[in-house]
Amino acid sequence: MRSRIHLWFRIAHQFSLAAAFLQAEEWNEPDFGRELASVGKLLARRRFPLIEEKEGQVSRVPEQIIDDLDRRVLRTLRDMPRATLGEMAEHVGVSRTTFKARLDRLWESGIIIGHETQLDLASMGLEVQAWVQLNVQQGELEPITEMLDGLPHVIEAFVTTGGADVQCRMVARSTAHLQELLLELSRHPAVTRTKSSVILSSLVSHRKVQALDLLDL
């Protein structure tokens with residue numbers, strides 16, 4: 001096991017040396033040199049991460065999820081959603097081929113899970129939003145999930161700790177319409193109690209992609 005790990009480190013080292021040579025010789029495809037160096041780092045850090053010895057035992061050092069180029073690609077997707085692939089690649093400072101390869105890898109790894117158009121619900125006539133808490137009978141989470149999934153006015157739903165078992169965000173045309181939706185939820189035999197809080201205004205909009213900035217902290 002140890003000799004195999006050392007072998008892979010030697011392979012990774014050779015990749016890094018080759019990349020340094022290509023860049024030093026002003027190779028006419030500089031992105032290839034950078035990608036080659038990246039492959040070397042990935043071999044050592046991801047597929048075959050560093051090891052540390054403690055009392056004769058070998059343990060893995062925590063792996064890095066994404067590197068600096070990945071973060072630049074993701075930020076560009078966030079900040080320039082309507083740009084072409086070529087424009088994004090130019091913004092990041094890599095070739096279109098390199099950018100596309102990184103983008104494909106982020107999809108394949110599950111870090112990017114979809115592109116979603118954000119809508120102004122109020123402009124669509126859905127002016128009321130509310131957080132709704134549900135208390136559910138023990139062992140009845142699956143039918144509750146099916147019910148919530150079948151209600152288009154439920155736009156998010158979570159299993160939570162605390163006083164409620166499930167918390168969901170709902171949209172409605174009016175408070176009267178919201179009341180009808182709440183009555184529909186309460187009629188489900190697995191729901192023992194509901195509690196709702198109408199959302200008055202939004203202070204911080206939904207910003208999952210902003211969490212990318214946390215990686216720099």
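Start at the hairpin of β4 and β5 and select G162. The hairpin has 6 residues between its strands, and G162 takes a positive phi near 100°. This is a predicted model, in which local features need pLDDT of at least 70 and side-chain atom pairs count only at pLDDT 80 or more, while totals for chains, interfaces and linings use all residues. Residues are numbered from 1 along each chain as its sequence is written, and side-chain values use heavy atoms, with hydrogens and water left out.

β4 covers residues 154-159 and β5 covers residues 166-172; their pairing is antiparallel, over 5 bridges. Strands here are DSSP runs of E with at least two residues, helices are runs of H or I with at least four, and both are numbered from the N terminus. Two strands count as paired if DSSP finds at least two bridges between them. Select V154: M170 in β5 stands opposite.

Move to β3 and β6, which pair in the antiparallel sense over 8 bridges. There, V136 stands opposite V191 in β6.

**The cores**

Which residues touch the most other members of the largest nonpolar core? Select V132, L134, I144, L148, M170 and L185, out of 20 residues in that core. β3 (128-136), α6 (141-149), β5 and α7 (175-186) each supply at least two of its residues. β3 gives the largest share, 5 residues. A nonpolar core is a set of buried Ala, Val, Leu, Ile, Met, Phe, Trp, Tyr and Cys residues joined through side-chain atoms within 4.5 Å. Buried means under 20% relative accessible area, exposed over 50%, with a 1.4 Å probe and protein chains only.

Stay on I144. Not counting residues up to four places away in sequence, I144 touches V136, V166, H188, A190 and V191. Contact means heavy atoms within 4.5 Å. Another core, of 15 residues, lies apart; among them are L77, A83, L85 and M88.

**Helix α4**

Go to α4 (residues 85-92). Its buried residues are L85, M88, A89 and V92. They cover an arc of only 100° around the axis, which puts them on the same side of α4. The arc is taken from the directions from the helix axis to the C-beta atoms. E90 and H91 are exposed on the other side. The buried residues pack against α3 (68-79) and α5 (96-108). Just after α4, select G93, with a positive phi of about 95°.

**A surface stop**

Select E127, in the loop between α5 and β3. Is E127 buried or exposed? E127 is exposed, with a relative accessible area of 61%.

**Confidence**

Finally, colour by pLDDT, the predictor's confidence in each residue from 0 to 100. The chain mean is 75. β3 is highest at 96, and β1 (residues 51-54) lowest at a mean of 40. Over residues 1-33 pLDDT stays under 50.
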